[in-house]
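Please read each point with the structure open.

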Amino acid sequence: MSLSDPTGYQHGTTPQTAILLVNLGTPDAPTAPALRRYLGEFLSDPRVVEIPKPVWWLILNGIILPIRSAKSAAKYASVWTDRGSPLQTGTADLTQAVAAEMARAGHHVQVRYAMRYGNPSVASVLDDLARQNVTRILLVPLYPQYCAATTASTMDAVSAWMRRRRRVPELRVLNHFHDVPAYIDALASKIETQWQQQGRPDKLVMSFHGMPARTLKLGDPYHCECHKTGRLLAARLGLEPSEYEVTFQSRFGKQEWLQPYTEPTLRKLARDGVARVDVVCPGFTVDCLETLEEIAMEGKQAFLSSGGQVFHYIDCLNADAHWAQGFSKLLASHLQGWDTTVPIDPSALASTRALAQAMGADSLGGNSEG
């Protein structure tokens, strides 16, 4: 190509828009080596563990990974399916459902998913989108309630990728949807369907992922957004305050975490004579280890062994049709101002891919990880 001849460059290529859904992540397999890799990446994130790095490195590599990897692998094995990790397959299904809804509404956009930890990585998916001349991205961390350890960490990963590129895409971020009517309505619809089939419980427990109590004092809105979700969902279901509980699960370490804790609450409810509880996890859009093993298995055992009689776990929204429709409308509202009605020119896309292959990723703007 000659600098005096612009025909060899892609200045006139129709820009593309993509929606990137990002979930937390999952190991590649339910094995100790895979868990060690996954937990090593996850627990090395300073957003996740806010302990001085040198001290934490010794604890993580000298104690936690050697001991916890095998134990966690056994837990993952208990929920692994023929398709693989429930979190990964569920996120893929949701991505496909959203893509279908966006196409049905006339939006010519790519809908992709990535994992903050594990595969497919955020960087690898962004690399692929760059090779396809995607210049506008709506980033959607799949966490309804904003938390620095999840939502902000996702933004960190995208920012790290952008720092390595010359040409960066236009970026929009949906950083929470804890009180969006479509989300609340989809949760309520899921619960009501369960109740139509099984009857109503004595108590509905809404269990959210736990965080250290100090995060609330430091200004993280997660605790407040969880409770707002709980209040809105209870109102939508017509529940009185005595008919539901908001709790927090998945504690780690000896420090104080957000309370009340889920498992002790389930045991207390059983001891207090509550015969039946239904548990829902509104902080997770897709079922995962924390819902399928910690709640549906361990939580059930805790309740029944403490005197409870009936325990029902209500699945996450996953790729539920009601949710996919409402979620897609929410995402479409964040695409306003971007023309997504123009079909992608296949020849331009093929030309862009060929150029990238011939000249390497730097021809599209800087170095990046693959």
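1. W323 is buried, its relative accessible area being 0%; the term buried denotes under 20% relative accessible area, exposed denotes over 50%, and partly exposed covers what lies in between (1.4 Å probe, protein chains only). This is a predicted model, in which local features need pLDDT of at least 70 and side-chain atom pairs count only at pLDDT 80 or more, while totals for chains, interfaces and linings use all residues. Residues are numbered from 1 along each chain as its sequence is written, and side-chain values use heavy atoms, with hydrogens and water left out.

2. Aromatic pairs. The structure holds 10 aromatic pairs. The rings of Y183 and W323 form an edge-to-face pair, because their centres are 6.1 Å apart and their planes stand at 65°. This pair links distant parts of the chain, with Y183 in helix 6 (residues 181-198) and W323 in helix 12 (residues 321-333), 140 residues apart. Rings of Phe, Tyr and Trp (its six-membered ring) pair if their centres lie within 6.5 Å; planes under 30 degrees apart count as stacked, over 60 as edge-to-face and the rest as tilted. Helices (H or I, at least four residues) and strands (E, at least two) are DSSP runs, numbered from the N terminus.

3. Surroundings of that pair. Is Y183 buried or exposed? Y183 counts as buried, at 2% relative accessibility. Ring pairs also join Y183 and W323 with F177 and F327 in a cluster.

4. A tilted pair. For F303 and F311, the ring centres are 6.3 Å apart and the planes are at 50°, so this pair is classed as tilted. Both residues are buried: F303 has a relative accessible area of 0%, and F311 has one of 7%.

5. Charges over rings. The charged end of R172 sits over the ring of W338, at 4.0 Å from the ring centre. R251 lies over the face of Y261, 3.7 Å from the centre of that ring. The criterion is that NZ of Lys or CZ of Arg is within 6 Å of the ring centre and within 35 degrees of the ring normal.

6. Salt bridges between separate parts of the chain. A search of the whole structure finds 17 salt bridges, each defined as a side-chain nitrogen of Lys or Arg within 4 Å of a carboxyl oxygen of Asp or Glu. In one of them, R165 meets D127, with the closest N and O atoms 3.5 Å apart. R165 lies in the loop between helix 5 (148-163) and strand 4 (170-173), and D127 in helix 4 (residues 122-131), so the pair ties together parts that are 38 residues apart in sequence. R165 counts as buried at 8% relative accessibility, and D127 counts as buried at 3%.

7. A partly exposed salt bridge. K228 and D179 meet through their side chains at 3.0 Å, N to O. Here too the pair links distant parts of the chain: K228 belongs to helix 8 (residues 222-237) and D179 to the loop between strand 4 and helix 6, 49 residues apart. K228 is partly exposed at 31% relative accessible area, as is D179 at 30%.

8. D128 and R131 form a salt bridge whose closest N and O atoms are 3.7 Å apart. Being 3 residues apart in helix 4, these two are separated by about one helical turn. D128 is partly exposed, with a relative accessible area of 22%, and R131 is partly exposed, with 35%. Elsewhere, K75, E293 and E298 are linked in a network of salt bridges.

9. Cysteines. How many disulfides are there? The count comes to 0, a disulfide being a pair of cysteine sulfur atoms within 2.5 Å. The sulfur of C224 has its closest cysteine sulfur in C226, 9.1 Å away, which is too far for a bond. For C281 the closest cysteine sulfur is in C316, at 5.8 Å, again too far for a bond. C224 is partly exposed, at 46% relative accessible area, whereas C281 counts as buried, at 2%.
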